[in-house]
Amino acid sequence: RWRLQFAGNQPSRWASFEPGGLLSENMLGNMLVTCVIGRTVFVHAGLMASHLSPGNSINEGHKVYGGVTRLNQQAREWIVTSHHGDNNNWGEYNTVEEVISAAQNRAKVASKTMPDCLGGGIGASSPVWMRDYSKPNDAAPSEPLAKQKIKAALAEAGEDVQRMVMGHTPQYKINSALDSMAWRIDVGASQGVMGGTPEVLEIIHMGGENDEDIVSVLTVDGRRVDGRERAVFDSSMMF
């Protein structure tokens, strides 16, 4: 009867992976919102300078999220903490309406306590939702200030950070935009998305001449494609 409190919404998955769930700390507690490795910053959807600025305030109309360490700390604290109160494992409900209401309240409490870096929903500018550098797919970003934004974000990420690797917006193949500052690597491989062909972005830190990074795309047929061949350009700038 413990399943009733989830109102049939895949109860085992919900109980395991909701904030404070049975497996949330072991499986999700160490997942990062963003991290910097070598000259590359990795993030699910995208970063702006305000996401990476220290402190907690409003800067030029954008909320300051507090930097890499704070983003990751907030996300971890949220996912490992139970926010919904006591479980009703005995399933002590009198009506179907009570069951549905309990499940809805459970979800609402988790949403309300979610940190800004994870929240926002479709169209928001948070690190797990923004699409300023990745939409439309396989083409130059339509956001007019995309290059300005990503330059500022990379500068904030670190002195020698040269590129941002992101997913979230499915592409037909791994590609780069904005002078190779934005690498879009979500190929929608899941059948639930678009059944895309898997590819891997390979970055060899300081592996080239003059200690430059070597960026390549590895394909399922065994090819290593020079990353420069996967650059997309703004067609309006070619005439």
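Predicted model: local features only at pLDDT ≥ 70, side-chain atom pairs only at ≥ 80, totals over all residues.
Ser-16 sits in helix 1, which runs over residues 11–17. Its relative accessibility is 14%, below the 20% limit, so Ser-16 counts as buried. The side chain of Ser-16 comes within reach of the backbone oxygen of Ser-12, at 2.8 Å. Leaving out residues up to four places away in sequence, Ser-16 touches Gly-21, Leu-22, Leu-23 and Ser-24.

Helix 1 also takes part in the packing of helix 5: the buried residues of helix 5 pack against helix 1 and against helix 4 (68–79). Those buried residues are Val-99, Ala-103, Arg-106 and Ala-110. They lie on the same side of helix 5, because they cover an arc of only 55° around the axis. The face turned away from this buried side carries the exposed residues Glu-97 and Lys-112. As for its length, helix 5 has 18 residues (96–113), which at 1.5 Å a residue should span 26 Å; the end C-alpha atoms are 26 Å apart, so the two values agree.

In soluble globular proteins, nonpolar side chains tend to be buried together. Here the largest nonpolar core has 31 residues, of which Tyr-133, Ile-150, Met-164 and Leu-178 touch the most other members. Strand 2 (40–43), helix 4, helix 6 (146–157) and strand 5 (163–166) are the elements that give two or more residues to this core. Helix 6 supplies the largest share, five residues. Beyond its neighbours within four places in sequence, Met-164 is in contact with several residues, among them Val-41, Val-43, Tyr-133, Ile-150 and Trp-183. A second, separate core has eight residues, including Ile-174, Trp-183, Leu-201 and Val-217.

The salt bridges number twelve. In one of them, Asp-179 pairs with Lys-147, with the closest N and O atoms 3.0 Å apart. Asp-179 lies in the loop between strand 6 (175–177) and strand 7 (182–184), and Lys-147 lies in helix 6, so the pair ties together parts that are 32 residues apart in sequence. Asp-179 is exposed at 58% relative accessibility, whereas Lys-147 is partly exposed at 33%.

Another salt bridge joins Arg-224 and Glu-202, where the closest N and O atoms are 2.8 Å apart. This pair links distant parts of the chain, with Arg-224 in strand 10 (residues 224–226) and Glu-202 in strand 8 (residues 199–204), 22 residues apart. Arg-224 is exposed, with a relative accessible area of 54%, while Glu-202 is buried, at 17%. Elsewhere, Arg-223 forms a salt bridge with Asp-221 at 3.2 Å between the closest N and O atoms. Finally, salt bridges with shared partners join Arg-39, Asp-160, Arg-163 and Asp-213 into one network.

Definitions and conventions. Residues numbered from 1 in each chain as written. Heavy atoms only, no water. Helix = DSSP H or I, 4+ residues; strand = E, 2+ residues; numbered from the N terminus. Buried < 20%, exposed > 50% of the residue type's maximum accessible area, 1.4 Å probe, protein only. Polar contact = N/O pair within 3.5 Å; in protein donor to acceptor, adjacent residues only side chain to side chain. Contact = heavy atoms within 4.5 Å. Expected span 1.5 Å × (residues − 1). Arc of directions from axis to C-beta. Core = buried A, V, L, I, M, F, W, Y, C linked by side-chain atoms within 4.5 Å. Salt bridge = Lys/Arg side-chain N within 4 Å of Asp/Glu carboxyl O.
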